[in-house]
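Please read the points below with the structure open beside you. They are written as a colleague's note and can be checked one at a time.

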Amino acid sequence: MASSSFQCLILLCSLAFFFFATPSLAKTSFKPKALVLPVTKDPSTRQYLTTINQRTPLVPAKLTIDLGGQSLWVDCEGGYVSSTYKPAHCGSSQCKLAGSKACTTECYSSPKPGCYNNTCNISPDNPLATILTGNGQLGQDVVSLQSTDGSNPGLVVSTPNILFSCGDTSLLANLSAGVKGMAGLGRPKVGLPSQFAYAFSFNRKFAICLTSSTKSQGVIFFGDSPYVFLPGVDVLKSLMFTKLILNPVSTAGGYFAGDASSEYFIGVKSIKVNEKVVPFNTTLLAIDQEGYGGTRISTLKPYTVLETSIYKAVVNAFVKSLAHIPRLKSVAPFGACYNSKRIGSTRVGPSVPAIDLVLSKGVYWRVFGANSMVKVGKDVLCLAFVDGGVRPRTSIVIGGHQIEDNLLQFDLTNKRLGFSSSLLFRQTNCTNFNFTSTS
Ligand SMILES: *[C@@H]1O[C@H](CO)[C@@H](O)[C@H](O)[C@H]1NC(C)=O
Ligand SMILES: *[C@@H]1O[C@H](CO)[C@@H](O)[C@H](O)[C@H]1NC(C)=O
Ligand SMILES: *[C@@H]1O[C@H](CO)[C@@H](O)[C@H](O)[C@H]1NC(C)=O
Ligand SMILES: *[C@@H]1O[C@H](CO)[C@@H](O)[C@H](O)[C@H]1NC(C)=O
Ligand SMILES: *[C@@H]1O[C@H](CO)[C@@H](O)[C@H](O)[C@H]1NC(C)=O
């Protein structure tokens, strides 16, 4: 059923021709291989933000990036004006593709985006808000982005039918100032990576490179291209790979029984500090029948969150291997802090024991000082991991600080994650994609 509706959308998309956002550029049809979006980091919320041009006429919508979010959703209550908006009627192929299980038969207001009769709903999930008021009508509209050859942005391309959830303003709770929704990069077919892939017929593949700077932008790539960072480093050539794992039980705030998680899980087998295995109960690293446990990656957690017993074991091992340096009083929420003047510095950050996430024999993700330590005050550096309590839904949630200046490639077709470890090692970083346009 899902696959037949899915084919309908492919047909719809291939019937729609590509046109350029700037009419003066609209000469020939151009088929991009890949697309790019800039990413900034909000200094007060530590959220990673992007801007997507949507609607007719185009409006830049500032969005919080949710790596595991099921779809794009935007605030439609706060004034959504577009001549190309189309509601998705209940029972349509669009509703099936989005996995919608709810229908609004009558909406008591004048018709407008977010309020049409006979329109299906998908919940706009904001994992940063505690109160879920979530209802949103499924709609489609034009989205316009820059294409890329992997080195620079190229022509601007548009696609007419990107599905998204049209939600209420209250759903913006706890998001950065000026943000109008969330860009869900999750696994579902309605997730942006899959939709862009169908719309532009490229592979279901995307890569994120989050900046550690609140002043310069990082980048997200969709599709197939090299990942070139100044001074000419192609990160694609040096990725290591591990399997992406599906958690069969949804990890979203609201979901239906039987829904799988839209998040990206990986199979961490053990953790090493200074090349020594940290002892803890590794059963926690597996996903159990109720969907508890395992390791996922999140752009919404500023620091990696570890289940209590893992957290204690990692902090202990780290403190032991840095025993020659006196500890300072802990600064909440962190457990191990040091005077930065007592710690040397390297190309990959403070000179501290490496932390390895071991994935399989000989394959590990090494976390160097730039990603393991955070500066919390003048001369104070802390181990940037936090305690997630007992029996959290997921045992390890790898957060923003640990993935900054690393490139992560999510390949949905081949079900694998490509990871670079610190780009600082290669004398570049996520701010060095050359956003100067060639067209
Ligand atoms: C939905 O249908 C009802 C009954 O026909 C009508 O009163 C209402 O105005 C309609 N609402 C919208 C949003 O079209
Ligand atoms: C915003 O986040 C805080 C901290 O997690 C939480 O306590 C609060 O309830 C959230 N606000 C809303 C409106 O969800
Ligand atoms: C390890 O954790 C699992 C799941 O919480 C538990 O069932 C098991 O008894 C634990 N094993 C040990 C040796 O503590
Ligand atoms: C990233 O690279 C730029 C340009 O080389 C440099 O100015 C900046 O300090 C680097 N950032 C980090 C975190 O190393
Ligand atoms: C960035 O790309 C533009 C366009 O190709 C090029 O002119 C410029 O030299 C590049 N910048 C650097 C620092 O290489």
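1. Asn 406 is buried, because its relative accessible area is 1%, where buried means under 20% relative accessible area, exposed over 50% and partly exposed in between, with a 1.4 Å probe and protein chains only. This residue is found in strand E31, which runs over residues 406-411; helices (H or I, at least four residues) and strands (E, at least two) are DSSP runs, numbered from the N terminus.

2. This is a predicted model, in which local features need pLDDT of at least 70 and side-chain atom pairs count only at pLDDT 80 or more, whereas totals for chains, interfaces and linings use all residues. Residues are numbered from 1 along each chain as its sequence is written, chains are lettered from A and ligands numbered from 1 in the order in which they are written, and side-chain values use heavy atoms, with hydrogens and water left out.

3. Leaving aside neighbours within four places in sequence, Asn 406 is in contact (heavy atoms within 4.5 Å) with residues that include Trp 365, Asn 371, Cys 209 and Cys 430. A polar atom of the Asn 406 side chain also lies 2.9 Å from the backbone oxygen of Glu 404.

4. Two of those contacts of Asn 406, Cys 209 and Cys 430, are themselves joined by a disulfide with an S to S distance of 2.0 Å, a disulfide being a pair of cysteine sulfur atoms within 2.5 Å. The torsion about this S-S bond is about -80 degrees, so the disulfide of Cys 209 and Cys 430 is left-handed. The pair links distant parts of the chain, with Cys 209 in strand E11 and Cys 430 in the segment after strand E32, 221 residues apart, and both cysteines are buried.

5. How many disulfides does a search of the whole structure find? The search finds six, and another of them joins Cys 95 to Cys 120, two residues that are both buried, at 4% for Cys 95 and 2% for Cys 120.

6. Cys 107 and Cys 115 are also joined by a disulfide, with an S to S distance of 1.8 Å, although Cys 107 is partly exposed at 22% while Cys 115 is buried at 7%. Both cysteines belong to the surroundings of ligand 1, together with Glu 106, Ser 109, Pro 111 and Asn 117. A backbone N or O atom of Cys 107 lies 3.0 Å from a nitrogen atom of ligand 1.

Terms used. A residue is near a molecule or strand if one of its heavy atoms lies within 4 Å of it. A polar contact is a pair of N or O atoms within 3.5 Å; within protein, one must be able to donate a hydrogen and the other to accept it, and residues adjacent in sequence count only if both atoms are side-chain atoms.
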